[in-house]
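Hello,

Here is the structure for your review.

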Amino acid sequence: MNRLEIADIIVEKINSSIENISLQYNKSIDKIGHFYIDDLLPEDIARNIFSCFPDGKNMRLKKSLKEYKFIAAQMDQYNPILEEAIYAFQDPRVVELISKICNIDGLYPDEHLYAGGISLMGDKHFLNPHLDNSHDKERERWRVLNLLYYVTPDWPLKNGGNLELWPDGLQNPQITIHSKFNRLAVMATHDASWHSVSPISSNGTARGCVSNYYFSDVSLRSTDQFHVTSFRGRPEQVMRDIFLQADIKARMAVRKLFKKGIIENPHVYKK
């Protein structure tokens, strides 16, 4: 299938669920606005997308105290269905519907896949609590929405790898959104949208995700200010949290001197 055909299905699915998902978002908008849609695509298409994921050997490994996962953005190196699936979420009709649900005007999908693309997480992989970087790669537009489409069949909640939202801060309980097969999760990003991916415990299949990010000329909150991707420790990781807070300060100091950073982010689709 091509991106237009996949987008046709996504549009139909969103329209059929729009009341429910709008209610989800509106109930959570005061903290971290979010919603999810199950069974987004026909099962055979969703399974095919996952079956075409590369293994970790053909992806970039990110491993540190902050995160442990495989990522990829140079989509012409992989099966074409992956690129088609990613860009289906950038179809103007899909963007318009998400804009309507979240009441955010002027959304821009990211054709360069700056931090978007695909990710694969296996045993012991994780993503610590963090705020996403506030802007696009040119530091011109605000990052306002994350779209995360999970494609691993038969992925149980107990395996971990689930999206965690921390609407009341890192010292209070998180909301867990199961990274269930064929589920699309959408969340707002602003200066208080702390989120993470729970550590994975699985010796079998890895958890695959198709990721997109939408930007806007205007931030979601008046309090939003420029910031780099900012990682923290989990509540029980006291020493790690001290180190990561120092890391945030150091990288912010660099960005005050060099607006676009010193090193170009390699996670960009160079067509």
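**Helix packing**

In helix 1, L4, A7, D8, I10, V11, I14, N15, I18, I21, S22 and Y25 meet R93, V94, L97, I98, K100, I101 and C102 of helix 4. Contact means heavy atoms within 4.5 Å. By class, this contact of helix 1 with helix 4 divides into 13 nonpolar, two polar and three charged residues. Ala, Val, Leu, Ile, Met, Phe, Trp, Tyr, Cys and Pro count as nonpolar, Asp, Glu, Lys and Arg as charged, and the others, including Gly, as polar.

A note on the source: this is a predicted model, where local features need pLDDT of at least 70, side-chain atom pairs count only at pLDDT 80 or more, and totals for chains, interfaces and linings use all residues. Residues are numbered from 1 along each chain as its sequence is written, and side-chain values use heavy atoms, with hydrogens and water left out.

Helices are DSSP runs (H or I, at least four residues), numbered from the N terminus. The axes of helix 1 and helix 4 (residues 92-102) come within 9 Å and cross at roughly 5 degrees. Axes are lines fitted to C-alpha atoms, for helices over the stretch in contact, and angles run from 0 to 180 degrees between N-to-C directions. Helix 1 and helix 4 are therefore roughly parallel (angles under 35 degrees).

Helix 1 (residues 3-28) also packs on helix 3 (residues 80-88): their axes come within 8 Å and cross at roughly 45 degrees. R3, I6, A7 and I10 of helix 1 meet I81, E83, E84, A85, Y87 and A88 of helix 3. This contact of helix 1 with helix 3 has seven nonpolar, no polar and three charged residues.

A cavity is a set of points on a 1 Å grid over the protein atoms alone where a 1.4 Å probe fits but cannot get out; lining residues have an atom within 4 Å of a point. The largest cavity holds about 80 Å³, the space filled by probe spheres set on the points, which are joined across faces, edges and corners. Of its 14 lining residues, S134, R143, T189, H190 and H227 are the closest to its centre. The lining of the largest cavity has three nonpolar, seven polar and four charged residues.

The second largest pocket holds about 160 Å³. A pocket is an open set with protein on both sides within 12 Å along at least five of seven lines. Its lining residues include Y108, H112, R141 and F215.

Best wishes

Methods:
Helices (H or I, at least four residues) and strands (E, at least two) are DSSP runs, numbered from the N terminus. Angles under 35 degrees count as roughly parallel, over 145 as roughly antiparallel, 65 to 115 as roughly perpendicular and the rest as oblique.
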